[in-house]
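Thanks for coming, everyone. Have a look at the model on the screen, and I will walk you through it.

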Amino acid sequence: MNKKRTLLIAIACALAIIKSSAQTNVPVIASPVLDAFNFLSTPSSNWMFATYGIFTKGEGEGVGIGALYKVSENFGAVLRLDRIGKDMFMPSGNFQVQVPVTLMGKLTVIPFAFTGIATPLNASPGHDGVIGIFGIGSAIRVPDVIKSKSRFIPDDLVYDYEKWTSYQGAQHRIGFLWKF
């Protein structure tokens, strides 16, 4: 009798476990992929992504990528990775202050200023260590009439002029910015 009762309890527990696991509708792998896709395809977050060309006198040309988190309409935190010349990579972080201005009710211009720090990697002697970054720039918002044609059209066209401590001259950056 005791063996029958134990067997019945074991079968009931096994059926309860099987039934409860069969009723879950939670996708195991698709959910994180779907969440990432929804985040990247819906322009409703405070994240922005930029790609740009870098032009300098003496240091060479280069390219860069950046990610900006818009804390408010007038303030953002930026992480960047620049590649200048043949072998210098430079991660940096800075804080940006901006003031969006709409001209004639149609064109939005966003002047900005920023400061931050960077660490050149593989740099020539005299350019190593932590350096300061100071700059100004402006972005022009692409009108919605143009943007509505494709998600790949950037949200803003961006230009900045910046100075780095321990470097002669200045850098000019021209690029594109997408909002996520």
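N94 counts as buried, because its relative accessibility is 3%. Buried means under 20% relative accessible area, exposed means over 50%, and partly exposed is in between, with a 1.4 Å probe and protein chains only. N94 sits in strand β4. Strands here are DSSP runs of E with at least two residues, helices are runs of H or I with at least four, and both are numbered from the N terminus.

What does N94 contact, leaving aside neighbours within four places in sequence? The partners are G76, A77, V78, R80, F114, T115 and G116. Contact means heavy atoms within 4.5 Å.

A word on the source. This is a predicted model, in which local features need pLDDT of at least 70 and side-chain atom pairs count only at pLDDT 80 or more, while totals for chains, interfaces and linings use all residues. Residues are numbered from 1 along each chain as its sequence is written, and side-chain values use heavy atoms, with hydrogens and water left out.

Now the overall layout. The protein has 3 helices and 9 strands. Along the sequence, the pattern runs α-α-β-β-β-β-β-β-β-α-β-β. There are 180 residues, and 29% of them are buried. Take the contacts with a separation of 6 or more: 45% of those join residues 24 or more positions apart.

Next, salt bridges. Side chains of opposite charge can pair when their charged atoms come close. The rule here asks for a side-chain nitrogen of Lys or Arg within 4 Å of a carboxyl oxygen of Asp or Glu. How many salt bridges does that rule give? The count is 6.

Start with E162 and R80. Their side chains meet in a salt bridge, at 2.8 Å from N to O. E162 lies in strand β8 and R80 in strand β3, so this pair ties together parts that are 82 residues apart in sequence. Are the two partners buried or exposed? E162 is buried, at 0% relative accessibility. R80 is buried as well, at 9%.

The second pair is R141 with D156. Their closest N and O atoms are 2.8 Å apart. R141 belongs to strand β7 and D156 to strand β8, and the pair links distant parts of the chain, 15 residues apart. R141 is partly exposed, with a relative accessible area of 25%. D156 counts as buried, at 3%. Salt bridges with shared partners also build a network, and it joins R80, D82, E162 and R173.

One more pair is K70 and E73. Here the closest N and O atoms are 3.5 Å apart. K70 is buried, with a relative accessible area of 17%. E73 is partly exposed, at 44%.

Back to E162 for a moment. Not counting residues up to four places away in sequence, E162 touches R80, F114, I133, F134, G135, A170, Q171 and R173. With R173, the E162 side chain makes a polar contact, side chain to side chain, at 3.2 Å. A polar contact is a pair of N or O atoms within 3.5 Å; within protein, one must be able to donate a hydrogen and the other to accept it, and residues adjacent in sequence count only if both atoms are side-chain atoms. E162 and I136 are 26 residues apart in sequence, yet their C-alpha atoms are 6.5 Å apart in space.

Now the inside space. On a 1 Å grid over the protein atoms alone, a cavity is a set of points where a 1.4 Å probe fits but cannot get out, and lining residues have an atom within 4 Å of a point. Grid points are joined across faces, edges and corners, and the volume is the space filled by probe spheres set on the points. There is 1 cavity of 30 Å³ or more. The largest cavity holds about 400 Å³ of space. It is lined by 29 residues, and the closest to its centre are L68, Q96, F112, V158 and L177.

Which strand gives the most to this lining? It is β9, with 6 residues. By class, the lining has 15 nonpolar, 6 polar and 8 charged residues. Nonpolar covers Ala, Val, Leu, Ile, Met, Phe, Trp, Tyr, Cys and Pro; charged covers Asp, Glu, Lys and Arg; the others, Gly among them, are polar.

Last stop: M104. This residue is in the loop between β5 and β6. Most residues other than glycine have a negative phi. M104 is exposed, with a relative accessible area of 79%.

Key: 1 Å grid on protein atoms, 1.4 Å probe; cavity = no way out; pocket = protein on both sides within 12 Å on 5 of 7 lines; lining within 4 Å.
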